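I went through its charged side chains, its surface and its overall dimensions.

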Amino acid sequence: MSKPVLIVGGGPAGLSAAQSLAAAGQSAVIVDKADRLGGSPILSGYAKLVPSGQWAKDAIGGMVSRVEDDSSVTVHLNTTVKSFAGEPGDFTATLSDGTEVKASATILTTGFTHFDSVNKPEWGFGTYPDVVTTTQVEQMISSGKGVRCPSDGRKPDRVAILLCVGSRDRQIGREWCSKICCTVSSNLAMEIREELPQCNVYIYYMDIRTFGLYEDLYYWQSQEEHKVKYIKARIAEVTSDGKRLIVKGEDTLVKRPITIPFDMVVHAIGMDPNVDNMTLSAIFDVKLEKHGHIEKASTYSSMSHTSRPGVFVAGAATGPETIDDSIAQGQSAAMAALTLARTPVREAAE
């Protein structure tokens with residue numbers, strides 16, 4: 001029987017890879033630094049996912065249960081990989097709990113880190129309690145407590161969602177588009193409107209990037225059905241008049257300044273490279289691309305490959321990614337690893 005495939009990271013991509021390997025009769029070992037599987041959708045308390053509308057705790061939670069119930073998958077939680085050596089078909093990983101894992105291949109599904117809005121201080125996060133992030137609003141919704149102003153627990157009458165916080169911003173070294181923020185924000189705005197029909201929700205944007213079939217979510221569902229208002233603008237700052245938050249900027253369509261009061265301001269935070277990527281790069285001897293994500297092969301025949309033979313990558317470890325695409329990439333990486341796992345060691349190393 002071939003050695004197991006080592007999977008580092010237990011989010012959607014890692015769970016998908018483990019399920020695919022198990023279905024093919026290949027054993028796998030998942031190592032995750034968190035105390036439970038599921039990645040950001042579970043650890044950060046996401047609400048309803050796009051486009052399925054399923055609750056994250058059910059959709060991703062179901063994936064977690066299937067992996068945990070599969071005897072061919074071994075899980076190490078609260079654990080990291082401390083050292084990694086060997087060649088394709090014959091790797092050895094030493095874990096932080098002292099366990100030694102012999103593996104035929106490795107898949108890095110280590111995900112991303114949410115942008116910290118403290119790095120955008122002019123937009124009020126950390127200064128005013130009612131300036132929150134999309135992740136915090138997701139937690140409000142998924143907890144069942146509903147969307148409330150953190151300062152006093154009241155239901156907001158007016159909510160502003162500011163897009164591209166930590167994305168497409170050269171001033172703070174975030175030049176990339178985070179891919180999912182527009183779609184997540186449109187969906188979140190509809191969830192707020194469903195819970196609070198009297199609440200007016202505004203989305204301030206540079207550009208709307210609800211790619212592919214998600215365009216219907218932006219144009220028809222959020223605007224026509226849920227009456228979410230979109231304002232093309234450049235935001236200068238978020239302040240307060242002592243009672244409400246004040247969003248100041250320029251409406252870039254009509255070229256005039258805007259100053260509008262809100263009860264709550266939501267930062268649509270982007271996806272940063274995993275804060276551990278420098279360490280992961282050193283341990284697994286894989287290259288990072290210029291922004292700090294794990295570099296993947298650029299050829300269409302080997303999109304799961306890293307710069308090191310036998311080490312594959314999937315999901316948001318390579319850059320901003322949707323959950324659906326992360327799951328698909330996890331399956332693809334699993335098939336690449338499976339091929340290697342069933343190749344004689346000498347041949348695999350050549």
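I began with salt bridges, taking one to be a side-chain nitrogen of Lys or Arg within 4 Å of a carboxyl oxygen of Asp or Glu. The model is predicted, and I kept to pLDDT of at least 70 for local features and 80 or more for side-chain atom pairs, while totals for chains, interfaces and linings use all residues. Residues are numbered from 1 along each chain as its sequence is written, and side-chain values use heavy atoms, with hydrogens and water left out.

**Entry 1. Salt bridges**

How many salt bridges does the rule give? I get a count of 18.

I looked up D130 and found its side chain in a salt bridge with R154, at 3.9 Å from N to O. The two sit in distant parts of the chain, 24 residues apart: D130 in the loop between β8 (112-114) and β9 (131-133), R154 in the loop between α4 (134-142) and β10 (158-165). I take helices (H or I, at least four residues) and strands (E, at least two) as DSSP runs, numbered from the N terminus.

Is D130 buried or exposed? I use buried for under 20% relative accessible area, exposed for over 50% and partly exposed for in between, with a 1.4 Å probe and protein chains only. D130 has 8% and is therefore buried. R154, at 24%, is partly exposed.

Next I checked D325, whose side chain meets that of K179 in a salt bridge of 3.7 Å, N to O. D325 lies in helix α8 (residues 323-341) and K179 in the loop between β10 and α5 (181-195), so this pair ties together parts 146 residues apart in sequence. Both partners are partly exposed, D325 with a relative accessible area of 31% and K179 with 26%.

I also followed shared partners: salt bridges join D130, D152, R154, R244 and D263 into one network.

My last pair was D276 and K33, with the closest N and O atoms 2.5 Å apart. It links distant parts of the chain, 243 residues apart: D276 is in the loop between β16 (271-273) and α7 (277-284), K33 in the loop between β2 (28-31) and α2 (39-43). D276 is partly exposed, because its relative accessibility is 27%.

**Entry 2. Other charged residues**

I placed E68 in helix α3 (residues 56-68). Its relative accessibility of 48% makes E68 partly exposed. From E68 to R170, 102 residues along the chain, I read a C-alpha separation of 42 Å.

I then turned to K255, in the loop between β13 (245-251) and β14 (256-262). K255 has a relative accessible area of 61% and is exposed.

E215 belongs to helix α6 (residues 215-225). I noted E215 as partly exposed, at 36% relative accessible area.

**Entry 3. The whole chain**

I listed nine helices and 17 strands in the chain. Of its 350 residues, 55% are buried. Along the principal axes, the C-alpha atoms fill a box of roughly 70 × 40 × 35 Å.

Why did I compare the radius of gyration with that of a compact globule? The radius is taken over C-alpha atoms, and the globule rule is 2.2 Å times the number of residues to the power 0.38. For 350 residues a compact globule would have a radius near 20 Å, and the chain's 22 Å agrees with this.
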